[in-house]
Amino acid sequence: MSPAGIATSDRPVRWGLAAKLFATLILLGAVAVLITGVLGYVRAREALEQTIFNQLTAAREAKSHQVAIYFRSLRAELRLLAASKMVVDAMRGFRDAVDELDRTEVPPDVRQRVVDWYDSHYMPMARRLLGKDTPVDEFLPVGSAPYFLQDLYIVGNPHPEASRKLLDNAGDGSAYSKVHAIFHPLMRTAATTLSLYDFMLVDTRSGRVVYTVDKEPDFATSLRAGPYRDSNLAVGVARCAAAPDPSATCLEDFSAYMAANGAPTAFLSAPVIEHGHVIGVLVAELSIEEIDNILTGGRRWQHEGFGATGETYLVGPDFLMRSSSRMFFENRDQYYAELKASGASDKDVEAIRRYDTPVLHQHADTRATRAAIGGVEGTGEIVGYRGIPTLASWGPVRVSGVKWGLVSKVDASEAFAPVYRLERDLMIVGAVALLVVGVIGAWLAASLLGPLRELTAGVKRFATGDYDAKVTVRTRDEIGQLCLAFNGMVDELREKNTVIEGKNRENEELLLNVLPAPIANRLRGGEQRIADGFAEVTVAFADLVGFTALSSDMPPQEVVTLLNGLFTRFDVAAQELGIEKIKTVGDAYMAVCGLPVPVANHAERMVRMAIRMVHITREHALEHHVVMKLRVGINSGPVVAGVIGKSKYIYDLWGDTVNLASRMESGGVPDGIQVTRPVYEKLKDEFVFESRGTIEVKGKGSVEAWLLRL
């Protein structure tokens with residue numbers, strides 16, 4: 001027996017108490033440092049990533065707004081000019097003067113001077129871009145007028161090529177020169193004021209470009225039979241000539257335009273109308289420089305918070321760039337090297353070198369650009385068009401007439417540089433912390449802490465109600481067994497407590513999944529029959545078009561996974577917008593806004609929910625590589641709501657409002673949102689609707705319906 005009266009074991013001691021304590025402290029210290037370091041690293045990375053995504057999204061939205069304002073302003077100015085007396089008179093005067101020249105035979109010397117100019121000035125550029133065997137005949141103008149006018153204002157122009165627009169009167173005494181002397185200074189001032197590359201007037205009868213400010217080779221040519229008959233200029237003019245609407249404008253996307261030395265050029269047109277008839281088209285020629293200046297901030301990326309690698313770029317529906325890459329301006333050698341490394345073809349790289357621009361030649365087919373062009377906004381870490389991991393924010397650009405996507409991005413290496421520094425610092429701090437823990441552990445182990453005192457203290461804590469009280473089991477003797485039994489008792493009691501609390505939480509969550517919170521509270525309060533009437537709510541039905549056919553070829557597990565993923569995202573959107581999901585039946589989804597707690601803007605919320613559902617469905621289908629479209633019907637009006645059932649509760653709605661909302665969905669169109677007159681009347685000033693007239697509704701007869709424009 002020991003002096004304390006406690007029997008000792010004859011088993012040899014493998015680990016002394018001091019050694020066990022030291023080893024335990026070292027282990028605990030290592031785990032604490034590891035958990036703290038990993039948790040700090042993960043949280044810091046997540047916080048930094050979210051901050052960067054927020055910054056990129058803000059920058060993208062700002063740039064998108066600037067682009068939209070640019071085109072909106074141009075449209076307004078162009079419509080105003082096209083409707084002005086100056087442009088109408090100029091159109092009539094230029095047209096008559098060109099018709100007069102077209103009836104005049106071209107002298108041989110005039111024709112020869114124009115042909116010689118094409119050979120010496122125009123064709124070297126054309127052959128550099130199109131091939132050395134390109135014949136000059138393909139670019140010579142058709143008719144008499146272009147030979148006279150190009151000889152006067154291009155070949156014989158006393159000003160340098162870049163300043164041809166300074167010539168107001170060619171001095172030949174022709175009717176055209178007289179009209180030109182009157183209107184050209186005014187049109188030149190308008191083009192300069194609006195920062196346009198060129199202004200043109202096109203005669204809709206002959207398709208002739210009767211006037212331009214800059215006097216490029218397209219001046220006086222025909223868009224029907226001339227060398228530019230297949231250009232986007234000709235397409236835009238033809239579209240606008242068919243619209244005798246003073247508010248109409250026609251925007252043609254950027255395309256290579258040979259008259260502008262093959263540079264990417266877009267055209268914005270407006271009809272010139274006199275007495276209700278289109279007599280011509282006013283065309284603004286837009287160069288890519290203005291778009292580049294907006295998206296690059298005048299090439300001042302760092303001043304706009306994009307760091308060393310960030311940028312915003314524009315992509316068209318063909319996944320070709322509509323703006324220039326930052327690296328193209330800052331480091332051409334690195335830019336071309338990264339293009340080749342990312343898989344760009346030699347043909348594309350050569351085209352960029354030849355045209356001296358990546359616009360319309362550099363491909364940017366990424367997850368971000370596909371989503372943005374598809375009308376979906378988002379953020380994420382992707383592989384960019386240079387083949388480098390980037391953090392990006394993407395979304396569509398709201399410009400009528402074109403389908404563009406906008407992406408703001410920064411290289412992941414730059415974005416996470418602070419995290420990499422933090423990782424290094426955490427490793428240094430962790431090593432120091434482990435050293436400190438080791439020193440302290442050795443000191444505590446040498447002090448021979450008494451396990452009995454720990455056990456006594458633990459029992460006292462437990463007796464006072466501290467059910468987390470535990471003691472360290474340091475030995476295998478009776479004291480260690482007693483400590484182990486004490487710890488087991490504490491764990492068992494705590495686990496039982498945890499199980500009870502967990503069951504309570506599960507029951508609460510199950511009830512809230514079935515019923516809205518206010519209804520669940522009333523049910524828990526003892527109310528037996530719950531039924532309420534609501535004077536004004538908005539009900540929506542959504543159904544997946546063709547889902548039955550789609551699911552018939554899929555395994556059951558994939559069907560459930562696909563539908564559950566989609567409806568879960570619907571549920572998240574509903575929760576964010578304050579909308580109550582009522583039920584799902586198969587691939588149909590029913591929701592209501594305005595109950596059980598009334599809200600004033602229930603119709604607006606439901607329409608925004610429907611828009612998000614359509615976008616979510618498109619994105620979900622894209623992610624799962626399936627064809628899936630959503631059809632939504634919305635109606636506002638009174639309903640009756642209540643809880644039915646005993647063994648399985650359900651909160652449901654009844655009334656004509658519900659039935660008509662269901663008919664709006666079943667009679668709608670795929671990827672469309674169809675609404676009734678009550679919804680249209682509430683929201684016609686906030687959203688754009690398209691009338692469908694009256695449609696036949698079962699049990700209702702003819703009912704007016706509108707489609708929301710997405």
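In this predicted model, two elements, α8 (326-330) and β9 (404-411), each supply at least two residues of the lining of the largest cavity. The largest share of that lining, three residues, comes from α8. The volume of the largest cavity is about 50 Å³, and the structure holds one cavity of 30 Å³ or more. Its lining consists of Ala 308, Thr 309, Glu 311, Ser 325, Arg 326, Met 327, Glu 330, Arg 386, Lys 409 and Asp 411. By class, the lining residues of the largest cavity divide into six charged, two polar and two nonpolar.

Helix α2 (residues 85-102) and helix α5 (residues 175-193) have axes that come within 9 Å and cross at roughly 150 degrees. An angle over 145 degrees counts as roughly antiparallel, and α2 and α5 are therefore roughly antiparallel to each other. The crossing in which α2 passes α5 is left-handed.

On the α2 side, the residues that meet α5 are Met 86, Val 87, Asp 89, Ala 90, Gly 93, Phe 94, Ala 97, Val 98, Glu 100 and Leu 101. Their counterparts in α5 are Ala 175, Tyr 176, Val 179, His 180, Phe 183, Leu 186 and Met 187. By class, this contact of α2 with α5 has 13 nonpolar, two polar and two charged residues.

The class composition of both residue sets is tabulated below.

| Residue set | Nonpolar | Polar | Charged |
|---|---|---|---|
| Contact of α2 with α5 | 13 residues | two residues | two residues |

Methods. Residues numbered from 1 in each chain as written. Predicted model: local features only at pLDDT ≥ 70, side-chain atom pairs only at ≥ 80, totals over all residues. Heavy atoms only, no water. Axes fitted to C-alpha atoms, helices over the stretch in contact; angles between N-to-C directions. Helix = DSSP H or I, 4+ residues; strand = E, 2+ residues; numbered from the N terminus. Parallel < 35°, antiparallel > 145°, perpendicular 65-115°, else oblique. Left-handed = near helix turned anticlockwise from the far one by under 90°. Contact = heavy atoms within 4.5 Å. Nonpolar A, V, L, I, M, F, W, Y, C, P; charged D, E, K, R; others polar. 1 Å grid on protein atoms, 1.4 Å probe; cavity = no way out; pocket = protein on both sides within 12 Å on 5 of 7 lines; lining within 4 Å. Points joined across faces, edges and corners; volume = space filled by probe spheres on them.
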